[in-house]
Amino acid sequence: NGNTAQTICDDNLVHVNTIQKMNDESLEDYLPRKLQALTEILRASLLCAYGGVWVDPMLYLAKPLEDAVFASSFYSPKLHYIAASSPSQGLWNSKLIAVKENLAAMNYVREAFTLWWEQFDEVIDDRLFDFFLLNAYRELDFAGDVIDAAEPNNMQVDGLQVLLNESYSRARFHALETQCAYFDISSDTPWDHKTGSGEETLFGF
């Protein structure tokens, strides 16, 4: 669709740094000890400055991203139910966030990270990103309207996670692929090559 992708890692992070607090020297000193914490802040900073799509490496893309992802002021996998365990409450999935540049909600997240970082350097993760965006959703005029404008989509975003430890079936996997463009996969879940009965799992396949 004509869009380009940039992989961000510790080798090129100094070249995509948009964090005002850090010059190149301090950024290099920071890595790689706290790469995950830094990328959470960098995500908010990059999206605020340039817009675009942030895709977490633990998101499996089954097909190209839809045009709606690039055309919307705000887009994310959005569930039709309240995900009680997630700070986002099902309103978005922070592993895929697409926004227009200078979106007020993302600027709020960036500024909140800057203030948080002044005091709590060690405790930054993706849930904090969700909490800050939820605060923006609740507190900023029009931020809720922009996020709510995204229709429920990609309903089976967690479906692949469920199937990974179950017996492999091409038909089941294909049926899931036709429903979803991308899947959230947790790195915290142990995956097995065989089921309890000895069948090959989808992960094993």
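This is a predicted model: local features need pLDDT of at least 70, side-chain atom pairs count only at pLDDT 80 or more; totals for chains, interfaces and linings use all residues.
1. Start with helix 5, which covers residues 126-139. Its 14 residues reach 20 Å from the first C-alpha to the last, close to the 20 Å expected at 1.5 Å a residue. Several of its side chains belong to buried residues, among them L128, F129, F132 and Y137.

2. Next, look at the aromatic rings. The whole structure holds six aromatic pairs. In one of them, the ring centres of F113 and F129 are 6.4 Å apart and the planes meet at 40°, so this pair is tilted. F113 belongs to helix 4 (residues 104-119) and F129 to helix 5, so the pair ties together parts that are 16 residues apart in sequence. Both F113 and F129 are buried.

3. F113 has another partner, F132. Here the centres are 5.0 Å apart and the planes stand at 90°, so the pair is edge-to-face. This contact also runs from helix 4 to helix 5, so it ties together parts that are 19 residues apart in sequence. F132 is buried, as is F113.

4. Now put the rings together. Which residues form one aromatic cluster? They are F113, W116, F129 and F132.

5. R43 lies over the face of F129, at 3.9 Å from the ring centre.

6. Finally, check the cysteines. A search of the whole structure turns up zero disulfides. C48 is buried, with a relative accessible area of 2%, and C180 is buried at 2% relative accessibility.

How values were computed:
Residues are numbered from 1 along each chain as its sequence is written. Side-chain values use heavy atoms; hydrogens and water are left out. A disulfide is a pair of cysteine sulfur atoms within 2.5 Å. Buried means under 20% relative accessible area, exposed over 50%, partly exposed in between (1.4 Å probe, protein chains only). Helices (H or I, at least four residues) and strands (E, at least two) are DSSP runs, numbered from the N terminus. The expected span of a helix is 1.5 Å times one less than its number of residues. Rings of Phe, Tyr and Trp (its six-membered ring) pair if their centres lie within 6.5 Å; planes under 30 degrees apart count as stacked, over 60 as edge-to-face and the rest as tilted. A charge sits over a ring if NZ of Lys or CZ of Arg is within 6 Å of the ring centre and within 35 degrees of the ring normal.
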